[in-house]
Amino acid sequence: MYPDHFEKEDLIKCGHGKLFPGSMRLPIDEMLMVDRITHVALDDGAYGKGSLVAELDINPDLWFFKVHFVDDPVMPGCLGLDAMWQLVGFFLAWNGGEGKGRALGAGEVKFFGQVLPTAKKVTYRLDIKRLINRKLTMAIADGSMEVDGREIYTAKDLRVGMFSSTDDF
């Protein structure tokens with residue numbers, strides 16, 4: 001079994017395929033929207049099927065503040081959503097799933113706040129609703145994103161699958 005927390009170096013190893021067996025990889029460099037995973041477990045969370053908590057440190061020099069938007073810098077909402085998909089894929093690999101992770105969609109997504117360059121920390125929280133380990137490996141999770149302790153995004157039914165081949169995906 002793997003540890004219940006991971007530092008940035010571990011996440012970078014995952015991006016290069018050196019953390020888990022198989023071909024699951026997190027994005028690297030600017031597209032890795034997580035600095036650390038502070039908690040991951042199989043039998044807790046709102047549905048008793050697992051949870052994950054991760055963090056991203058915010059500073060005004062992050063790349064997206066320079067381009068989104070001129071004179072009105074804000075973290076794009078899609079990056080927070082992508083981070084939650086990244087983390088569902090990480091959960092699958094942590095739980096022994098193998099293959100290339102792909103986001104398969106989400107149910108309801110709501111944005112009711114923003115991440116500005118003055119913020120300090122984003123916290124992502126996932127509650128795994130369903131875990132499928134058959135011919136298809138897939139997880140469905142509800143997620144939320146907080147900035148400096150205030151919830152600003154929610155996403156229901158985040159779906160991520162793992163595939164041995166993505167040629168026809």
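Visitor: Which residue forms a salt bridge with Lys121?
Guide: A salt bridge needs a side-chain nitrogen of Lys or Arg within 4 Å of a carboxyl oxygen of Asp or Glu. In this predicted model, the closest N and O atoms of the pair are 3.3 Å apart. The partner of Lys121 is Glu55.

Visitor: How many residues apart are Lys121 and Glu55?
Guide: Helices (H or I, at least four residues) and strands (E, at least two) are DSSP runs, numbered from the N terminus. Lys121 sits in strand 5 (residues 121-133), and Glu55 sits in strand 2 (residues 51-57). The bridge thus links distant parts of the chain, 66 residues apart.

Visitor: What pLDDT do side-chain atom pairs need in order to count?
Guide: Residues are numbered from 1 along each chain as its sequence is written, and side-chain values use heavy atoms, with hydrogens and water left out. The model is predicted: totals for chains, interfaces and linings use all residues, local features need pLDDT of at least 70, and side-chain atom pairs need pLDDT 80 or more.

Visitor: Is Glu55 buried or exposed?
Guide: Buried means under 20% relative accessible area, exposed over 50%, and partly exposed in between (1.4 Å probe, protein chains only). Lys121 has 31%, so Lys121 is partly exposed. Glu55 has 12%, so Glu55 is buried.

Visitor: Which residue forms a salt bridge with Asp157?
Guide: The closest N and O atoms are 2.7 Å apart. Asp157 lies in strand 7 (residues 150-163), with its partner 28 residues away in strand 5. Asp157 is partly exposed at 27% relative accessibility. The partner is Lys129.

Visitor: Where is the Asp35 end of the bridge to Lys8?
Guide: The two side chains meet at 2.8 Å, N to O. Lys8 belongs to helix 1 (8-15), 27 residues from Asp35. Asp35 is in the loop between helix 1 and strand 1 (36-41).

Visitor: How many disulfides does a search of the whole structure find?
Guide: A disulfide is a pair of cysteine sulfur atoms within 2.5 Å. Cys14 is buried at 1% relative accessibility, whereas Cys78 is exposed at 52%. The search finds 0.

Visitor: In what order do the elements of the chain run?
Guide: The chain has 3 helices and 7 strands. From the N terminus on, the order is α-β-β-α-α-β-β-β-β-β.

Visitor: Which helix holds Trp63, a member of the surface nonpolar patch?
Guide: Met31, Trp63 and Val67 form the patch, with about 260 Å² of accessible area together. Trp63 is partly exposed at 32% relative accessibility. Residues 63-67 make up its helix, which is helix 2.

Conventions
Patch = residues over 30% accessible without salt bridge, like charges linked within 9 Å, V, L, I, M, F, W, Y side chains within 5 Å. Areas by Shrake-Rupley, 256 points an atom, 1.4 Å probe, with all protein chains shown as cover.
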